[in-house]
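Subject: Structure handover

Hi,

Here is the structure for you to look at. My notes follow below it.

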Amino acid sequence: MGGGNKEALMGFWTTFYALSFYVATLILILGVGYKIYQYTKTPAPLKIPTTPAPLTTGGVVIRMLLEVILFKSLFRSNKWIWLFAMIFHGALWVILLRHLRYFIDPQWVIYPIWELVELIQPFGKYASFAMLFGLLGLLARRLFVERMRYISSASDYLMLVLLLVIGVSGVLMSFVTRTDIVQFKAFMLSVISFQWQNFELSAYQMPPDSMLLVHLAAVILLMIVFPFSKLLHAPGVFFSPGRNQVDNAREKRHVAPWAIKQFEAPQT
Amino acid sequence: MAKAKFETPEFRPYPVIPVIKPGVMKDSRSFVSKPGMQESLGYPGELVDNWQEVAINKLGELLTKYRSLRVYLDTCVKCGSCTDKCHYFIGTNDPKNMPVGRQDLLRQVYRRYFTLAGKLFPKLVGAKDLTRDMLDDWYNYFHQCSQCRRCSVYCPYGIDTAEISMAAREILDAVGYGQKYCNEIIEKVYKIGNNLGLPGPAIRNTLEGLEEDIKDETGVDVRLPLDEEGAEVLFVPPSADFFVEPHVDGLIGYGKVFHQSGISWTMSSHASEAGNFGMFIGSYENMRRVSMRIREAALDLKVKRIVFGECGHAWRVAYAFLNTLAGPFDFLDKRYPIPQHICEFTYDLIQKGALKLDKSANDHRRVTYHDSCNVARATRMGHKPGGQFVIPREVIKACCNHFYDMPSDTIYDETYCCGGGGGLLTDELMEVRVKGALPRMEALKQVTDDHQVTHMATICAICKSQFTKVVPYYGFDMDQIISVHQLVGDAIVLNVNEV
Amino acid sequence: MKARYLSILGKLMLGLLLSLTVNAAEPVTSGSVTIPNPPKAKTNFSAEQPCVEPIDVMRRSHGLFLKHSRNDTMRHGMRTSNYSLVTCINCHVTSDEHGNYPSVKEGTEHFCRSCHSYAAVTIDCFQCHASHPEEVISSKVNEVSSIKLDSLGTPNTSP
Ligand code: HEM
Ligand code: SF4
Ligand code: SF4
């Protein structure tokens with residue numbers, strides 16, 4: 001490939017990544033959407049909250065928030081897993097927020113929102129190190145604790161490796177190899193607003209930086225595997241009957257449609 | 001003490017997480033159910049020829065019926081939080097007794113047949129074919145789970161291995177590979193009316209004998225009524241209370257409480273069993289059928305209230321499922337919880353000052369209390385979350401001067417199962433039962449050393465039977481196990497309320 | 001080869017920016033997607049190269065260069081002429097026909113701000129440094145010193 005072809009090559013990558021991004025987004029949204037639909041449609045025929053459980057819906061919301069934000073059960077169980085998990089997930093959210101800057105044109109939003117996006121940047125930048133630390137901790141546990149090795153399959157390690165690839169390429173790009181942020185944002189905004197004609201113009205193409213290509217490829221892969229993997233824990237936790245049911249079995253009957261059909265229909 | 005073909009685990013000087021020993025409990029196996037029992041529960045008599053197909057179809061059916069199963073099979077991230085929480089893993093070191101290890105037996109098959117990743121890349125995601133070895137692993141290891149829910153407390157998603165075990169057992173039943181112990185008992189309930197197979201006349205005899213005993217001992221006519229139409233309360237004890245020690249002393253205690261309350265009550269020969277093994281085999285249908293007897297008895301005897309005796313999983317089915325399975329109970333008195341636990345009943349009377357209790361009657365006992373797993377983690381008593389921990393303790397403290405709790409990570413919702421719940425209370429499983437009791441025995445040892453505790457009270461028929469059998473392996477005496485209502489019965493001062 | 005490609009790319013981009021320039025400092029838009037349109041510099045660095053490094057190197061790494069020169073200056077007491085913020089400002093920040101310089105706090109007309117606001121990167125340089133070419137400082141002392149030290153975060157000019 002001669003240097004003169006490089007532009008053509010970036011044209012190719014631009015198209016390739018734009019298309020992959022659409023495909024991955026579709027798979028992610030439809031896949032997770034389908035799973036959520038499936039969880040919603042599947043009845044929980046019996047009251048099975050792990051007690052002591054809240055007596056009201058408001059109480060359940062609090063219980064759920066404590067689980068989702070603070071990983072309360074995990075904290076009771078094992079402080080090491082909790083620590084690494086908190087660091088990893090906390091950093092992940094901050095980093096996700098930081099990435100909003102690639103998807104929002106400041107002209108689309110009112111200023112205070114944009115100001116928040118600006119405000120989060122330095123935090124997001126250093127959160128990447130926290131995320132890597134958390135991931136390495138989780139990986140070390142998985143590798144070195146015998147019980148963890150026993151319950152892990154290849155996909156469990158690979159998931160951590162994939163996230164590490166995302167994190168390492170991101171950090172390298174931020175701090176060492178660099179990329180053209182403005183050009184990348186122009187690319188990303190064109191992708192999400194379907195302005196494909198822009199890709200003819202080099203100012204809207206993927207910047208030709210290998211680290212960026214790696215970073216995005218890994219992210220796209222993550223989006224694709226999400227609905228088919230254990231990453232379903234993110235939506236799944238909200239559907240866990242052990243955690244989301246109100247403890248009111250004596251006060252309220254709780255009969256599933258299939259149970260009514262099977263046992264009670266003739267009587268009604 | 002029975003002759004053991006295995007070694008009783010040593011007390012651990014400090015709590016260490018056991019190293020794993022794959023396969024050590026592989027051959028721990030309860031007897032397979034017989035054709036007749038299978039059929040009377042609505043299952044094929046023996047393993048069907050196309051069991052693989054039937055099993056997969058059954059799993060598919062359950063996935064559409066139980067959200068718990070679907071969500072729990074999908075969401076586990078293999079974080080390892082639950083790995084050291086199961087008493088059977090602590091006692092046996094077999095990694096398939098780690099909650100996630102146990103779940104994975106079913107999850108691997110789920111992934112292979114029901115997920116894209118498992119269909120395309122089975123090796124990568126640890127998906128496995130349903131082979132005969134796998135089916136046997138299901139049978140063996142899902143009958144080494146007492147469905148105690150301890151794992152669900154610590155799982156970040158509340159994944160409850162009990163739900164997985166129930167589903168697996170239902171699949172096993174559906175292919176004709178049920179467990180004898182559970183299915184035989186359910187058959188007895190259908191044919192005779194209770195788990196022990198005591199016919200009505202035998203129960204009547206026993207109760208009359210007990211009434212005489214009480215009369216001899218106290219000089220008071222405490223009645224233990226059976227099948228008395230028009231009583232206010234239908235009382236449903238576990239059938240072990242009719243004659244097994246130490247259960248039966250609990251029954252005498254209930255009788256004295258009812259006697260003092262002045263509330264008319266009756267037991268029923270039709271519903272002479274609180275326990276409901278339909279839950280253990282994960283069968284909604286059988287659980288419902290067993291539950292319906294209680295509704296029928298309540299209607300027949302025209303009672304206004306239902307009260308349950310001391311039985312752990314029975315209280316779970318009663319508290320959490322009865323209304324759903326056999327309700328609505330419009331014909332009962334809505335001012336009282338439907339159903340009510342005997343501890344709630346007694347506690348209310350104590351609160352109202354309606355019982356005169358002489359604590360010194362229990363002064364020769366230094367008591368601790370074992371929270372039964374299903375009561376602790378699947379039910380409630382009273383009107384506040386956690387009442388299931390407070391109320392029995394308050395009842396005990398009202399009757400005893402010396403009460404001491406075991407270490408805090410072994411009580412309340414962190415309680416350890418006795419080791420014999422969930423359909424494991426059978427002799428073939430003695431090894432897993434003894435080993436599974438280890439954490440509870442360690443906790444008991446601790447209060448024995450620290451506070452010279454002499455008795456462990458509990459409110460579950462299975463706990464009582466299991467403990468009396470296994471405590472000798474750990475150097476305790478079977479007489480140290482006691483019913484909460486025996487403490488009540490011994491402390492109660494009879495007749496003060498009578499005019 | 002790389003140099004040739006870079007210069008082609010640089011020229012292309014410049015050409016693109018120029019061809020799309022309607023109003024020198026307004027962001028340009030293609031489709032509905034905006035990109036910043038920083039004002040053109042006063043002079044070229046050399047005949048071959050518009051800036052001190054090739055344009056796409058500058059676009060990626062100007063933050064690093066400035067940070068390094070800051071560290072060198074402050075820790076080692078040396079001023080490196082190539083990457084001096086003052087020189088950048090002198091060449092890149094241009095005034096309108098009335099001789100007024102754009103603000104670095106608002107709008108999109110200031111050279112640095114045109115991209116930094118687009119990419120949500122705060123600039124801390126101007127808490128201390130002048131955001132305008134040096135010759136105007138004396139006449140506008142008051143205005144410069146009135147810039148408040150209210151930017152948040154650490155020095156941060158990289159992606
Ligand atoms: C509501 C949102 C979420 C909640 C409540 C949540 C919670 C948890 C918890 C409690 C764990 C177990 C502890 C651990 O092993 O780290 C975990 C593990 C994990 N989470 Fe999440 N998570 C959420 C979202 C996500 C998302 C969006 C991702 C990825 C993009 C993710 C990736 C992971 C991974 C890879 C693990 C496994 C770590 C390991 O292999 O040890 N989580 N999550
Ligand atoms: S439910 Fe109890 S016995 Fe079963 S795996 Fe969980 S902790 Fe072990
Ligand atoms: S605690 Fe829950 S998520 Fe973690 S390994 Fe056990 S079952 Fe899986």
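Ligand 1 is surrounded by residues from chains A and B, so its site is shared between chains. This is a predicted model: local features need pLDDT of at least 70, side-chain atom pairs count only at pLDDT 80 or more, and totals for chains, interfaces and linings use all residues. Residues are numbered from 1 along each chain as its sequence is written, chains are lettered from A and ligands numbered from 1 in the order in which they are written, and side-chain values use heavy atoms, with hydrogens and water left out.

Ligand 1 has 23 residues around it (a heavy atom within 4 Å). A:Ala85, A:His89, A:Arg142, A:His233 and B:Tyr157 come nearest. A polar side-chain atom of A:Arg142 lies 2.8 Å from an oxygen atom of the ligand. For A:Lys230 the corresponding distance to a ligand oxygen atom is 3.3 Å. From chain B, a side-chain N or O atom of B:Tyr157 is 3.2 Å from a nitrogen atom of ligand 1. H4(A) gives the most, with five. By class, the shell has 19 nonpolar, two polar and two charged residues.

Now ligand 2. The shell holds 14 residues, and the closest are B:Cys86, B:Cys145, B:Cys148, B:Arg149 and B:Cys151. Helices H4 (87-92), H5 (99-114), H9 (150-154) and H10 (161-174) of chain B each supply two or more residues. Seven of the shell residues are nonpolar, four polar and three charged.

Next, the interface. Chain A puts 61 residues into the contact and chain B 80 (heavy atoms within 4.5 Å). The buried area is about 5,800 Å² (accessible area lost, 1.4 Å probe, summed over both parts). Carbon and sulfur atoms give 56% of that area. There are five salt bridges between the chains (Lys or Arg side-chain nitrogen within 4 Å of an Asp or Glu carboxyl oxygen). A:Arg76 forms a salt bridge with B:Glu414, with the closest N and O atoms 3.5 Å apart. The chain A side divides into 27 nonpolar, 17 polar and 17 charged residues.

Last, a sheet in chain B. Four strands form an open sheet in the order S2-S1-S3-S4, with parallel pairing (at least two DSSP bridges per pair). S2 (265-266) and S4 (340-341) stand at the edges with a single partner strand each, so one side of each has no neighbour in the sheet. B:Val307 stands opposite B:Gln340 in S4(B).

Best wishes

Technical notes:
Buried area is the accessible area (1.4 Å probe) that two parts lose on being put together, summed over both. Ala, Val, Leu, Ile, Met, Phe, Trp, Tyr, Cys and Pro count as nonpolar, Asp, Glu, Lys and Arg as charged, and the others, Gly among them, as polar. A polar contact is a pair of N or O atoms within 3.5 Å; within protein, one must be able to donate a hydrogen and the other to accept it, and residues adjacent in sequence count only if both atoms are side-chain atoms.
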